[in-house]
2 protein chains.
Amino acid sequence: MTLRIYGDSISGNCLKVKWTADHLGVAYDWFETSVIGGETRTPAFLRLNPAGQVPLLVLSDGRPLAQSNAIIIYLAEGSDLIPSHPYVRAQMMQWLFWEQYSHEPYIAVARFQMRYLGKPAAELDPRLIERGHGALARLESALTEGPFLVGPSLTLADISLVAYTRVAHEGGFDLSPYGAIRAWIARVEAALNITD
Amino acid sequence: MTLRIYGDSISGNCLKVKWTADHLGVAYDWFETSVIGGETRTPAFLRLNPAGQVPLLVLSDGRPLAQSNAIIIYLAEGSDLIPSHPYVRAQMMQWLFWEQYSHEPYIAVARFQMRYLGKPAAELDPRLIERGHGALARLESALTEGPFLVGPSLTLADISLVAYTRVAHEGGFDLSPYGAIRAWIARVEAALNITD
């Protein structure tokens, strides 16, 4: 039995897992699971993940693993997506935790409210906009120093951060002032063969 | 030059770093840095960490590292605080990301507002209370299955999650219904020699 990935294709958190597995050539079966459709709240799904969240990885022996960044670290162990130098690896980890605490809660949430709940931009909580732009400014600053977030090549930090940054405009964030971010998105999409 | 840790002793995120270093016998100099006092927003501090956040680890050669969970992973690499088995290590990572996304934003934020900003419990955002109790219920459930969050002994998952759980009552969360959590807090405090 091969790996199973339960994911919602509109979720950047889920796409991180798909892109990482595809990039590494890891075989898996994808089970499309709609959050808006309530498919993460069924008794069957809650037995797999009591937190009721996707993405969820299920190993060949049935053991589950949740949390997008924990899953991609697990999949990428020993590959060049995780730097081998301890300090550089720690910088990658720093970006992964920053993504979940200081980027996703603003950029992804604004996008979800506008694109999927139909909220007009003018009705978004102003803190989402302000903190989202704060996160983008921090990314822009980091990306003026090198082609990728950590070291000279693609790492999990890029995969994790690009997921919602590349669709930030769907949450009302105009990326045109962020030239280094836009060039980096194109670079990461090319490295991951993302064409949609 | 020894390691430097910039931290605010009222912050669970900072105490995680102190406890981990102490447990591992890592030598460091602690630089008390008050968030409420504005000491994370001075030009000198922002040069060290542009995100203006503590904890911050500064290596002996001056390189900085931010994000509490990234710092404790860096400090604990190769120690028994990080399980060597890939799946068990991944479970530990899952808890660390869950802590920053689904626990700290409710439990720590409610405590900060009540204890340090003087907000009465009745004025807290009801979502903080509801989601905080959701996080505690999930912890309680996990801790009925074993003495520590992952495997048979103390890991970074326990250090990270205990930091704000042990002071949850300061945010209005009554822990008396959570018997497994209370026993685990005592167990982790004993393992870490926390006496305050």
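How many bridges join strand 1 of chain B to strand 3 of chain B, and do the two strands run parallel or antiparallel?

A: Strand 1 (residues 3-7) and strand 3 of chain B are joined by 3 bridges and run antiparallel. This is a predicted model, in which local features need pLDDT of at least 70 and side-chain atom pairs count only at pLDDT 80 or more, whereas totals for chains, interfaces and linings use all residues. Residues are numbered from 1 along each chain as its sequence is written, while chains are lettered from A and ligands numbered from 1 in the order in which they are written. Helices (H or I, at least four residues) and strands (E, at least two) are DSSP runs numbered from the N terminus, and two strands pair if DSSP finds at least two bridges between them.

Within this pairing, B:Arg4 has B:Val58 in strand 3 of chain B as its bridge partner. The two strands belong to an open sheet of 4 strands in chain B, with the order 2-1-3-4 and mixed pairing. Strand 2 (28-32) and strand 4 of chain B are at the edges with a single partner strand each, so one side of each lacks a neighbour in the sheet. From one strand to the next the twist averages 20°. Helix 1 of chain B lies across strand 1, strand 2 and strand 3 of chain B, and runs at about 150° to strand 1 of chain B; such angles run from 0 to 180 degrees between N-to-C directions, and axes are lines fitted to C-alpha atoms, for helices over the stretch in contact.

Helix 3 of chain B has 8 of its 9 residues buried, so it is largely enclosed by the rest of the structure; buried means that 20 or more other C-beta atoms lie within 10 Å of a residue's own, against 12 or fewer for exposed and values in between for partly exposed, with C-beta atoms placed from the backbone. Among its buried residues are B:Ile71, B:Ile72, B:Ile73 and B:Tyr74. Their cover includes helix 4 of chain A as well as helix 1 (12-24), strand 3 (56-58), strand 4, helix 4 and helix 6 (156-165) of chain B. After helix 3 of chain B comes B:Gly78, with a positive phi near 85°.

Helix 6 of chain B has 10 of its 10 residues buried, so it too is largely enclosed by the rest of the structure. The cover of these residues includes helix 1, helix 3, helix 4, helix 5 and helix 7 (179-192) of chain B.

The view now widens to the interface. In it, 22 residues of chain B are in contact with 22 residues of chain A, contact being C-beta atoms, placed from the backbone, within 7 Å. Strand 4 (64-66), helix 3 (68-76), helix 4 (86-116) and helix 5 (126-143) of chain B each give two or more residues to the side that touches chain A, and helix 4 of chain B gives the most, with 9 residues. Because 100% of the interface residues of chain B are also interface residues in chain A, the copies meet through the same surface.

Superposed by least squares on the C-alpha atoms of residues with pLDDT of at least 70 in both, chain B can be laid on chain A with an RMSD of 0.0 Å by a turn of 180° and a shift of 0.0 Å along the axis. The two copies are therefore related as by a two-fold rotation axis, and in chain B the C-alpha nearest that axis belongs to B:Tyr101, 3.1 Å from it.

How values were computed:
Contact = placed C-beta atoms within 7 Å.
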